[in-house]
Amino acid sequence: MQIKPVLSALQKHRLAALLIVLEIALACAVLCNAGFLIASRLSAMQLVSGVDESSLGFIQLEGFDPKVANDLNARVVAGLGAMPGVQSVHVINSVPFGPQAGAFGVTLDQAGKQFRGVPELYLGDPGTPEALGLKLVAGRMPGAQDYQSVVEGYLPASSNVLITRTFAQRLWPGEDALGKTFWTGKNQFRVIGVVANLSVQQYDEEGERGAQWTVFVPTKSGPPLAGTYLIRADPQALDRVMVEARTVLARIAPDAVFDHQQSDTLPVLRERFFATDRAMAGLLVGVIVALLGVTALGIVGLTSFWVAQRRKQIGIRRAIGATRGDILRYFQTENFLIVSFGIVLGVVAAIAINLLLMKVFEVPRLPLHYLPIGALALWLLGQLAVLGPALRAAAVPPVVATRNV
Amino acid sequence: MFAYYLELALRSLKRSPGLTALMVLAIGFGVAASMTSWSVFRAVSGDPIPWKSAQLFVPQIDNWGPNGRNPNGDPPSAMDYADATTLMRDHRAKRQSAMYQISPSIVPAGAGKHPINVSGHAVYGEFFPMLDTPFQYGSGWGASDDANRAQVTVISSKLNQKLFGGTNSVGRSVSIEGRDYRVVGVLNDWNPQPRFYDVVNSGGFNSQSDDVFLPFQTAIQAAIPNDGNTNCNAVPKESGFIGLQQSECVWIAYLAELDDAAAVAAYRDYLQGYAREQQQAGRFGWAPNNRLRDLRAWLDDQHVVPRDTKVSLLVALGLLLVCLVNTIGLLLAKFLRRSGEIGVRRALGATRKAIYLQFLTEAGMVGVAGGGLGLALTCAGVAGVGWVLPKDIASLARLDVSLLVLTLLVAVLATMLAGLYPTWRASRVQPAWQLKSN
């Protein structure tokens with residue numbers, strides 16, 4: 001296929017061709033950046049919680065007198081534990097995707113000089129790590145002797161804790177964390193086990209805390225650990241258990257208020273936590289579909305118009321020996337050239353826009369592999385859009401050349 | 001004459017109905033899609049109090065020193081009790097309020113009713129006029145109530161509905177955490193999103209509304225504990241709520257209203273002086289490192305607005321741009337082939353002005369039709385976001401009327417300009433030339 005005649009024909013339609021090139025360039029730039037936004041939303045939603053979400057539920061009670069905390073814990077654990085389908089009930093301060101329950105700045109030394117970030121702390125009574133389904137990768141799970149009462153403040157004075165692999169690397173890069181100690185104020189932690197994952201309660205991508213910066217502190221139930229419970233149930237029975245738990249709680253704990261907002265199964269809490277991300281991603285997909293649709297319609301419209309204009313020329317070409325395939329390929333080549341110009345401009349624009357966004361909104365750098373994907377999508381779109389009008393052009397009979405306009 | 005142009009335009013558009021439909025659809029679709037997504041994105045990134053955000057300021061005082069600063073060197077985002085109460089006592093801004101989040105239980109009147117937990121804030125009386133909170137009944141409390149630790153409260157219309165059946169409850173009493181408080185005001189529906197006055201505790205967005213407001217010092221005296229975040233650089237020496245008040249832990253949000261640049265500068269000097277005093281007194285072992293950001297800068301700094309949202313706004317605009325370019329391209333392709341027709345009309349005695357008017361009418365018709373379609377689709381889109389988006393976001397999505405008008409104007413103008421250029425080119429050529437070349 002010769003490109004030169006195509007180019008010289010395009011010169012006759014400089015302005016219209018230029019506008020299509022501009023449109024493709026804009027579409028390419030928007031497509032790459034929006035696609036990147038969607039991908040980062042989706043990958044954020046893949047957050048690994050490290051717990052057996054499908055068998056877990058969380059219940060929060062409020063408005064009870066702190067003096068009855070121990071009694072309330074005993075009543076709730078016994079009452080909920082007796083429900084059919086429930087495997088175990090534990091007192092826990094919060095769960096992944098649950099309410100934020102305690103973030104503490106930690107240091108490697110008692111003097112508080114070597115600050116290492118603000119992880120979130122999980123407090124739970126005996127058996128909680130097993131009920132959560134935490135996967136141990138080193139060390140051991142806490143034994144009965146490791147669970148201590150909180151005498152003052154929020155934490156035991158000194159405790160044997162589990163930390164996640166990620167946070168262990170954060171505290172002691174490249175070293176074995178087992179047996180090492182760290183501090184928050186006067187409270188000391190000694191690492192007895194490292195777990196694969198345990199995500200924070202409310203992960204904020206833009207915050208300074210990593211998704212897996214957590215510490216599990218074995219604690220006996222009792223103030224301040226009261227009113228918040230982890231239910232482990234058979235996954236099939238979980239939804240029913242959570243519904244029935246309300247009636248059971250109204251009977252066994254009439255002095256406390258059931259928090260409808262926070263109490264639910266972990267799959268529901270997870271879904272609610274990511275609702276905005278999902279909505280944003282959905283909306284962006286909608287925008288991209290609209291964008292591609294409009295671009296395709298623009299190509300169809302313009303090419304149809306050109307085909308109608310060039311009927312006579314097409315007829316002449318056919319009359320002097322061009323095959324249908326030649327005519328078809330002519331329009332395909334023309335489209336390919338226009339789209340290519342657009343893509344070249346668009347890639348430059350996409351990078352420029354991304355650099356600008358990085359500067360103004362602190363978005364991450366656009367990975368380069370988005371550019372060829374965006375380019376390929378537009379080439380494909382262009383070829384699909386031009387096919388209809390080009391086939392119509394190829395169907396123009398040679399006899400048209402002999403007719404007068 | 002205009003009626004004649006309209007008829008001509010209609011005829012010309014009818015000659016290529018597919019292309020015309022395409023142009024109208026592209027404009028309508030582009031306007032609707034970009035406006036709908038804009039209204040949603042704006043809902044989560046909007047300025048909650050646009051008429052006043054430039055006068056509201058959040059002071060930050062560095063009471064933790066170099067070890068407690070974030071990587072940008074910023075001091076803690078909230079205040080400790082000592083600094084907050086001193087700033088309130090000195091009262092250097094036009095209006096100001098320290099505040100902390102509370103979650104007291106309220107016992108409704110009548111036997112056998114369960115206590116309910118509500119969330120709210122302990123604030124100073126100036127909080128209400130400073131934020132222009134709308135009142136259904138009554139008003140906020142005065143400075144003397146703050147000073148006397150009066151047992152007064154402002155409640156939300158929602159709580160008023162629950163407790164008093166929505167009647168004017170000013171003067172009646174509510175039992176909060178076992179004490180009786182006199183209602184002085186009932187707010188009208190007021191739940192700004194993001195919750196700009198206390199982003200430290202709400203993270204900006206909170207579907208639960210603030211239902212009860214108590215005077216700050218009254219709540220402190222009644223030992224109603226802080227329900228929001230508490231951040232400490234050291235464990236408080238004493239435990240409990242009293243220990244928290246004596247500690248360097250930060251848990252209090254602060255807002256000040258400053259009217260002009262001079263007031264801002266004066267307040268900055270005051271904060272500087274205060275920090276220097278503390279340094280001289282030996283409480284701070286470091287040079288003053290205060291911040292005084294206006295509300296927008298503060299929301300930005302606290303990452304209340306997800307960065308994605310702002311980028312998404314640009315994506316919505318990009319879509320509109322693509323649609324406009326598309327329409328212009330189609331119009332150009334159509335109009336550039338009309339030189340023959342222009343030649344005939346000129347030869348028959350039409351002036352250039354008449355030609356311009358005719359073509360502008362035709363392009364304008366496409367623009368107006370597209371704009372009208374866009375308007376209808378936008379209304380449908382904004383009404384329909386509730387189907388696909390979570391309730392708390394969808395309820396915030398509001399049509400920005402001024403922006404919609406602007407978009408429609410841009411769409412119509414762009415199409416008319418697209419019609420103008422080929423006409424200008426064609427009408428410059430001698431009519432005889434065009435007739436001959438035909």
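In which handedness of crossing does helix 3 of chain A pass helix 6 of chain A? The crossing is right-handed. Keep in mind that this is a predicted model.

**Helix 3 and helix 6 of chain A**
- Helix 3 covers residues 69-81 and helix 6 covers residues 238-252, and their axes come within 10 Å of each other.
- Those axes cross at roughly 140 degrees; an angle over 145 would count as roughly antiparallel, so helix 3 and helix 6 of chain A end up oblique to each other.
- On the helix 3 side, the residues that meet helix 6 are Arg75(A), Val76(A), Gly79(A) and Leu80(A).
- Facing them from helix 6 are Ala245(A), Val248(A), Leu249(A) and Ile252(A).
- Sorted by class, the residues of this contact come out as six nonpolar, one polar and one charged.

**Where chain A touches chain B**
- Chain A puts 44 residues into the contact, and chain B puts in 44 residues too.

**Domains of chain A**
- Chain A splits into domain 1, made of 3-45 + 276-402, and domain 2, made of 96-224.
- The C-alpha centres of domain 1 and domain 2 of chain A sit 54 Å apart.

Key. Residues numbered from 1 in each chain as written. Chains lettered and ligands numbered in written order. Predicted model: local features only at pLDDT ≥ 70, side-chain atom pairs only at ≥ 80, totals over all residues. Axes fitted to C-alpha atoms, helices over the stretch in contact; angles between N-to-C directions. Helix = DSSP H or I, 4+ residues; strand = E, 2+ residues; numbered from the N terminus. Parallel < 35°, antiparallel > 145°, perpendicular 65-115°, else oblique. Left-handed = near helix turned anticlockwise from the far one by under 90°. Contact = placed C-beta atoms within 7 Å. Nonpolar A, V, L, I, M, F, W, Y, C, P; charged D, E, K, R; others polar. Domains from an automatic or database assignment.
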